[in-house]
Structures are given as structure tokens and as C-alpha cells.
Amino acid sequence: MEQSAQPPYRRIVEEIRRRIDTGQLAPGDRVPSTRRITREWGVAMATATKVLTTLRQEGVVRAVPGVGTVVGEPRADQSDDRPSPRPRPSSGDRPRPEQPARGAPAPERAPREPDGGGLNRDRVVSAAIKVADAEGLRGLSMRRVAAEFGMSSMALYRHVANKDELVLLMADAAFADVTLPDPAPDGWRERMEAGARLQWELYQRHPWLAQYLSLTRPQPMPRAMALVEWTMARVEGMDPVTLIHMALTLLGFVLSTAAGLEDDLEAEQETGMDQDQWMAAMDPVFERILTSGSYPMYEGMAGTADDTVNLGTLFDFGLERLLDGMEVLVERRAGGEATVRTP
């Protein structure tokens with residue numbers, strides 16, 4: 001009787017939790033999407049949406065941009081992940097207002113001894129990356145990072161000048177995690193593809209990074225520049241202007257595609273719906289449009305799997321076509337055409 005008295009969404013929540021507890025769904029595995037829940041349990045879309053929302057609120061699952069809703073990692077500190085408030089600093093101890101530092105290199109600083117809480121620059125940067133990965137750059141602030149340590153934001157200003165410097169350090173640290181393949185690909189096309197995929201994988205781990213980087217106002221980031229240099233190292237015989245156009249065109253493609261990762265994360269925070277839930281909610285609208293007969297290309301997608309077209313498939317397709325075009329350019333150069341036409 002107690003089982004039947006449960007609301008339908010709660011019964012489904014408990015069943016998915018049972019699958020996780022018994023190992024049928026492991027951390028990182030995708031959980032049933034809203035569409036699958038409606039089919040498997042015969043419930044309305046609103047109920048399916050409430051199931052995933054409840055699981056996310058309870059910390060059982062998390063949304064991964066470009067992937068979907070997956071089983072979250074167990075958290076030992078889940079019951080006490082909010083630090084207690086600390087006394088506000090006096091007005092005489094407040095830091096100076098943050099000044100824009102975008103476009104300027106992070107100043108070199110003498111090493112500091114860790115403070116009483118064991119805080120240092122590396123720990124601040126690591127905590128900030130964790131916050132940005134989960135909440136995006138919009139959710140990042142000095143106060144939010146300080147909360148990870150149970151401290152006031154005053155403590156951070158001993159190690160970084162302001163948020164702009166912090167984000168620059170975060171980006172540089174992210175590129176330090178890139179591991180170049182050894183041995184490296186010999187062919188120019190294979191090397192460019194490998195470099196593009198290394199960037200794509202990096203932006204998937206850190207969705208905020210692609211939107212932070214800029215082609216028009218590049219940051220002084222030697223580690224990022226080294227990856228681009230490595231990517232282009234097998235393109236031979238090109239004049240410098242052509243080579244830099246090739247490098248920036250490839251970089252721009254990866255950045256523009258990866259920008260959707262952060263967009264999706266921000267949209268989820270604003271709407272409370274992950275990508276699967278949003279698409280499911282829009283299904284009736286799209287169905288009316290597609291059945292009108294005015295959009296045969298889109299109508300041809302009817303009946304295909306939900307993930308037939310996503311950021312990953314767009315990246316794979318676009319990268320291959322872009323390299324096809326680069327190959328034409330390289331062959332022209334081999335035939336005696338030395339420069340690229342620029343406006």
C-alpha cells in the first residue's frame with residue numbers, strides 16, 4: 001500500500017537510485033533521458049522532467065555539457081559542503097577594487113608561505129577551476145572561491161590580485177594538463193587533427209575555457225601558444241602569413257564549436273533543465289513545424305536517435321571538412337602558389 005501511495009515520479013526516482021546502488025549504473029554512466037523515461041514508465045513528459053530534476057537536486061546525477069545527465073561521483077562531504085559564515089573584515093582591511101587585467105600578463109610574484117589554513121596560489125587556482133567547471137565563469141567570484149575554503153574573500157587577495165588575474169592563471173593551469181602524444185603524428189594533416197582534438201578534449205573538461213579565450217584580444221599564455229605551435233609544426237613550405245591564417249582558422253573553429261558547452265551549462269542553470277529535458281519539452285513545438293511539410297530537410301531527421309546530431313558530431317564533421325580545405329591549400333602551395341588570398 002505504501003508503494004502504491006508514492007507519486008509516480010518518486011517511484012521512478014527510487015528505481016533509478018536502485019540501479020545506481022546495485023551497480024547497474026556506474027558513476028559517469030548516462031541515466032535514462034526524459035524521452036526514455038516517458039517510454040519505459042509510460043508517464044507524461046512533465047513527470048519525466050521532475051524525475052531528473054529531483055535526482056539532480058538530491059545530488060545523485062549531474063549534467064555534463066555535450067553528453068547529457070550522468071551518475072555523479074559519490075561525495076564524502078555532501079552533508080557538510082557549505083562553510084559556516086566568517087566575520088566580515090573591517091573596512092581598513094578591505095582589498096582595493098578589482099582592476100581589469102585582461103590582455104596583460106599575470107605579474108610574477110615572490111613565493112608566499114601558506115597561511116594558517118594552508119592556502120596558497122595553486123590551491124586557490126585549483127578551487128577556482130572546480131567552481132568554474134561546475135558553475136561557469138558567471139558563477140565564479142572571489143567570494144565563491146573563498147567559500148570552498150570556509151574563508152572570507154580577503155584571504156584570496158594574498159595570493160591573486162583580482163578575479164581577472166585568477167582567470168588567467170586558471171586558463172594557463174588548464175593548458176598545463178594537456179599531454180602531447182608520443183610519438184607525435186608525422187603528417188601535417190594528422191598533426192593538425194591531433195592538436196584540434198587535444199583542444200576539444202580540454203574544452204570538454206573545462207567548458208568555460210573556450211569562451212574565455214579570444215582570437216582578437218589574445219592573452220599572453222605560453223602554454224596555449226605552445227600547443228598551437230605543436231599543432232602546426234608539420235606544415236612546411238608556407239609563408240608566415242598563410243601559416244598563421246591556417247592556425248587561427250583551425251583554432252577559431254574549435255573555439256566556436258566548444259563555446260556551446262558553456263552556453264549549455266549556463267542555460268541549464270537559468271532554466272533548471274538539462275539538454276535532454278529541454279529538447280523533450282520542445283518536442284511538441286518541433287513536431288508541429290516538421291509535420292507542416294515546409295521543411296523537408298528537417299523532416300528527414302524524424303525517427304533518428306536523439307544524439308544523431310550533437311556538439312561532438314558537429315565537431316567531427318566540421319574538422320574533417322576544414323582539413324579537406326586545408327589540403328587543397330597545401331596542394332596548391334606544392335604546385336607553386338605561395339600565399340593565401342586575404343581581404
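Which residues do ring pairs link into a cluster? They are Trp200, Phe253 and Phe315.

## Ground rules

This is a predicted model, so to speak: local features need pLDDT of at least 70, side-chain atom pairs count only at pLDDT 80 or more, and totals for chains, interfaces and linings use all residues. Residues are numbered from 1 along each chain as its sequence is written, and side-chain values use heavy atoms, with hydrogens and water left out.

## Aromatic pairs

Searching the whole structure turns up three aromatic pairs. To pair, rings of Phe, Tyr and Trp (its six-membered ring) need centres within 6.5 Å; planes under 30 degrees apart are stacked, over 60 edge-to-face, and the rest tilted. Trp200 and Phe315 have ring centres 4.5 Å apart and planes at 5°, so they are stacked. Trp200 belongs to helix H8 and Phe315 to helix H14 (residues 311-334), so this pair ties together parts 115 residues apart in sequence. Helices here are DSSP runs (H or I, at least four residues), numbered from the N terminus.

Trp200 is buried, at 6% relative accessibility, and Phe315 is buried too, at 0%. Tyr295 and Tyr298 make an edge-to-face pair, 6.5 Å centre to centre with 65° between the planes. Tyr295 is partly exposed at 40%, while Tyr298 is exposed at 51%. For these labels, buried means under 20% relative accessible area, exposed over 50%, and partly exposed in between (1.4 Å probe, protein chains only).

## How H8 meets H14

The axes of H8 and H14 come within 11 Å and cross at roughly 150°. Axes are lines fitted to C-alpha atoms, for helices over the stretch in contact, with angles running from 0 to 180 degrees between N-to-C directions. H8 and H14 are therefore roughly antiparallel, a label for angles over 145 degrees.

On the H8 side, the contact (heavy atoms within 4.5 Å) includes Trp188, Met192, Ala196 and Trp200. Among the H14 residues taking part are Leu311, Phe315, Leu319 and Leu323.

## Charges over rings

Lys50 lies over the face of Tyr9, 4.3 Å from the ring centre. Arg191 does likewise with Trp230, at 4.4 Å from the ring centre. The cut-offs for a charge over a ring are NZ of Lys or CZ of Arg within 6 Å of the ring centre and within 35 degrees of the ring normal.

## A cis proline

Most peptide bonds are trans. The one from Asp182 to Pro183 is cis, with omega near 10°. Pro183 sits in the loop between helix H7 (163-176) and helix H8 (188-205).

Conventions:
Helix = DSSP H or I, 4+ residues; strand = E, 2+ residues; numbered from the N terminus. Parallel < 35°, antiparallel > 145°, perpendicular 65-115°, else oblique.
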